[in-house]
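Hi everyone, thanks for coming. Have a look at the model on the screen, and I'll talk you through a few spots in it.

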Amino acid sequence: MEMTVAILAPFEEPTKKVSSYDALASDVIPAAPVLVRLLNRETDEDHGVKTMKATLLAAIKKRFSDVETNPLYFISTILDPRYKDRFFSNNTAPEAKLHLKQELQMMSRAEAEGSRAEAAEPPAKLFIKAQASTSSSLDTVFDKIAKEQPQAAQSLAAGAAIELDTYLGEAPSPREDSPLKYWGVNKIRFPTLAKIAHKYLSAPCSSVESERLFSLVSHIIDENRNSLTADNAEKLLFFKKNPATHFFSPLSESS
């Protein structure tokens with residue numbers, strides 16, 4: 001039993017981590033290689049539990065086999081400054097980075113098109129100018145714009161790729177640091193990456209915290225307190241889960 005406890009002990013920390021209120025989707029992929037490496041270690045105390053270790057190792061590989069091909073997980077992992085591309089298997093890290101670069105390019109093109117649309121003149125003014133221009137000058141302007149647009153998009157896409165290479169070239173942050181605070185500080189250095197990080201790092205990696213909220217409601221609404229309105233119950237639940245938020249919000253008399 002002592003050897004069993006020793007083998008299962010490393011599973012406790014990642015389980016608590018992915019079940020915490022501030023867990024992110026990026027916490028999933030790094031857990032697998034860490035547990036695999038621990039289970040692959042051979043010690044003198046493995047006698048009698050080798051079958052158990054082999055079964056756990058096979059279960060981890062089976063359950064985590066698809067996470068490295070899921071964009072939600074691999075993009076959030078790369079954009080987590082604590083992990084970056086260090087925890088991927090050799091055959092998936094290049095593909096994950098390529099997919100992220102493609103998304104960066106699409107975002108850069110979308111931003112370029114939005115900027116051009118904002119800078120464009122109203123259609124009425126363009127129509128008046130077009131009537132006063134010759135057909136040859138109109139064709140020249142069209143040709144010029146057609147050549148400028150892809151160049152601008154390529155320039156922005158190249159800048160986004162440089163952002164990614166620079167970001168990945170830096171050492172990972174300490175494990176106890178907050179990735180959200182990191183992007184709050186570095187959004188000026190990596191503006192395009194920060195926007196994608198805002199999108200992917202907002203996803204929780206499990207439904208544990210939402211299930212805790214449902215359980216907590218049963219402590220707020222019970223047989224002795226069943227006249228609460230839905231609005232007041234929501235406020236009490238918010239205060240319970242956010243104890244640092246102590247601002248006055250008067251409840252109705254029905255509470």
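So, helix 1 and helix 2 are roughly antiparallel to each other, a label for angles over 145 degrees. This is a predicted model, so local features need pLDDT of at least 70 and side-chain atom pairs count only at pLDDT 80 or more, while totals for chains, interfaces and linings use all residues. Residues are numbered from 1 along each chain as its sequence is written, and side-chain values use heavy atoms, with hydrogens and water left out.

Back to our pair. Their axes cross at roughly 170° and come within 10 Å. By helix I mean a DSSP run of H or I with at least four residues, numbered from the N terminus. Axes are lines fitted to C-alpha atoms over the stretch in contact, and angles run from 0 to 180 degrees between N-to-C directions.

Who touches whom? On helix 1 we have I7, P10, F11 and P14, and they meet A31, L35, L38 and L39 of helix 2; contact means heavy atoms within 4.5 Å. By class, that contact has 8 nonpolar, no polar and no charged residues. Nonpolar here is Ala, Val, Leu, Ile, Met, Phe, Trp, Tyr, Cys and Pro; charged is Asp, Glu, Lys and Arg; the others, Gly among them, are polar.

Now, over to another pair. Helix 10 (residues 208–220) packs on helix 11 (residues 230–241) at about 120°, with the axes 10 Å apart. That angle makes helix 10 oblique to helix 11; oblique is whatever is left after under 35 degrees (roughly parallel), over 145 (roughly antiparallel) and 65 to 115 (roughly perpendicular).

Which residues meet there? From helix 10, E209, L213, L216, V217 and I220 meet L236, L237, K240 and K241 in helix 11. By class, this contact has 6 nonpolar, no polar and 3 charged residues.

To wrap up: the helix 1 and helix 2 contact has no charged residues, whereas helix 10 with helix 11 has 3. Thanks!

Conventions
Helix = DSSP H or I, 4+ residues; strand = E, 2+ residues; numbered from the N terminus.
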